[in-house]
Amino acid sequence: MVIALGIGLAAIMVVLGFWQLEVYDRQGSATAARRASAPPVPLGSVARPGATAIEGYGRSVAFDGSYDPALQLLVPMEDAGQFRVLSGLRQADGSVVAVVRGIVSGPNALPPPTGPVRQVGVLLPTEEHLPDSDLPSGQIASVRLPALAQQWPGPLIDGFVTLSSADASSQGLAAAPLQLPESPGRVRNVAYVGQWWLFAAFTLFMGFRMARDLGVREAEVAEITAEQGAEPT
């Protein structure tokens with residue numbers, strides 16, 4: 001009975017720990033969404049040629065320059081027949097920004113705008129490597145900066161920008177989905193996760209220990225009773 005009660009209480013505490021973990025994840029997602037929807041900052045303030053842009057990832061940025069029509073690739077999506085349009089925009093300092101302009105259905109993408117433009121989008125980190133040996137010319141499996149650096153004249157800005165819905169629509173494209181970098185939730189919720197799971201372990205330990213102590217006590221009582229019953233009258 002004691003063991004069953006301990007297991008039941010421990011199970012409740014484990015569930016509460018997972019609930020706190022879910023709260024932590026939701027808070028992180030909400031933080032990332034707020035960061036991306038904040039007013040844009042100049043791209044140059046968070047990402048410069050030859051420098052990492054860790055603090056800038058997930059932020060809305062604004063930048064100026066001209067698209068190079070020779071720098072354009074298609075990135076196949078999981079939905080068959082859809083592609084992200086990846087273009088290179090050269091800034092005044094000569095650096096190149098990899099820009100996901102939007103989505104097209106089919107392998108034929110509209111050329112980028114001509115002349116100077118001002119663009120707004122979210123700065124994102126380079127994507128993971130995916131094999132692209134079977135892709136036709138003009139396509140790349142993921143927006144991976146090391147691969148782009150081998151094809152496009154640099155210097156490249158660290159990370160890439162996915163354009164806002166308004167800028168994508170103005171170029172006749174559907175907006176590309178955002179895979180925002182994870183942001184941490186509140187530290188106290190992580191602490192609560194550890195506390196609940198620690199309490200669960202302690203409850204199980206105490207349940208088994210109490211059951212053992214009760215078993216020892218009952219055995220001692222039974223032994224004394226047996227000895228008393230065996231004494232001659």
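Visitor: What share of the contacts in the chain with a separation of 6 or more comes from residues 24 or more positions apart?
Guide: The share is 68%. A contact here needs heavy atoms within 4.5 Å. Keep in mind that this is a predicted model.

Visitor: How many helices and strands are there, and in which order do the elements run?
Guide: The chain has four helices and six strands. From the N terminus the order is α-β-β-β-β-β-α-β-α-α.

Visitor: How do you know that E2 and E5 pair, and in which sense?
Guide: Pairing requires at least two bridges between the strands. E2 and E5 have seven bridges, so they count as paired. The sense is antiparallel. One of the links joins Gly-65 to Val-117 in E5.

Visitor: What makes E1 and E2 a pair?
Guide: The cut-off is at least two bridges. E1, residues 41-42, is joined to E2 by two bridges, so the pair qualifies. These strands run parallel. Pro-42 has Ala-62 in E2 as its bridge partner.

Visitor: What links E2 to E3?
Guide: Eight bridges do, and the two strands run antiparallel. E3 covers residues 82-90. Leu-74 is bridged to Val-85 in E3. The two strands also form a hairpin, with five residues between them. In its turn, Gly-81 has a positive phi of about 90°.

Visitor: Why is Phe-83 called buried?
Guide: Buried means under 20% relative accessible area. Phe-83 has 10%, and therefore it is buried. Its place is in strand E3.

Visitor: Which residues is Phe-83 in contact with, leaving aside its neighbours within four places in sequence?
Guide: Among them are Leu-74, Val-75, Pro-76 and Met-77. The list also includes Gly-102, Ile-103, Val-104 and Gln-139. Gln-139 is 56 residues away along the chain from Phe-83, yet their C-alpha atoms are separated by 9.2 Å.

Visitor: Is Pro-69 buried or exposed, and why?
Guide: The cut-off for exposed is over 50%. Pro-69 stands at 63% relative accessibility, so it counts as exposed. Pro-69 sits in strand E2. Pro-112 is 43 residues away from Pro-69 in sequence, and 6.4 Å away in space, C-alpha to C-alpha.

Visitor: How much of the chain is buried?
Guide: Buried residues are 35% of the 233 residues in the chain.

Visitor: What makes a set of residues a nonpolar core?
Guide: The residues must be buried, be of the listed kinds, such as Leu, Ile, Val and Trp, and be joined through side-chain atoms within 4.5 Å. The largest such core here has 19 residues. Leu-86, Ile-140, Val-143, Leu-148 and Trp-152 have the most contacts inside it. The elements giving two or more residues to this core are E2, E4, E5, H2 and E6. E4 supplies the largest share, four residues.

Visitor: Which residues lie nearest the centre of the largest pocket?
Guide: They are Arg-84, Glu-127, Leu-130, Ser-142 and Gln-179. The lining has 16 residues. The pocket volume is about 500 Å³.

Visitor: How does the lining of the largest pocket divide into nonpolar, polar and charged residues?
Guide: Eight are nonpolar, three polar and five charged. Arg and Glu count as charged, so Arg-84 and Glu-127 in the lining belong to the charged group. Leu counts as nonpolar, which puts Leu-130 in that group.

Key
Residues are numbered from 1 along each chain as its sequence is written. This is a predicted model: local features need pLDDT of at least 70, side-chain atom pairs count only at pLDDT 80 or more; totals for chains, interfaces and linings use all residues. Side-chain values use heavy atoms; hydrogens and water are left out. Buried means under 20% relative accessible area, exposed over 50%, partly exposed in between (1.4 Å probe, protein chains only). On a 1 Å grid over the protein atoms alone, a cavity is a set of points where a 1.4 Å probe fits but cannot get out, and a pocket is an open set with protein on both sides within 12 Å along at least five of seven lines; lining residues have an atom within 4 Å of a point. Grid points are joined across faces, edges and corners, and a volume is the space filled by probe spheres set on the points.
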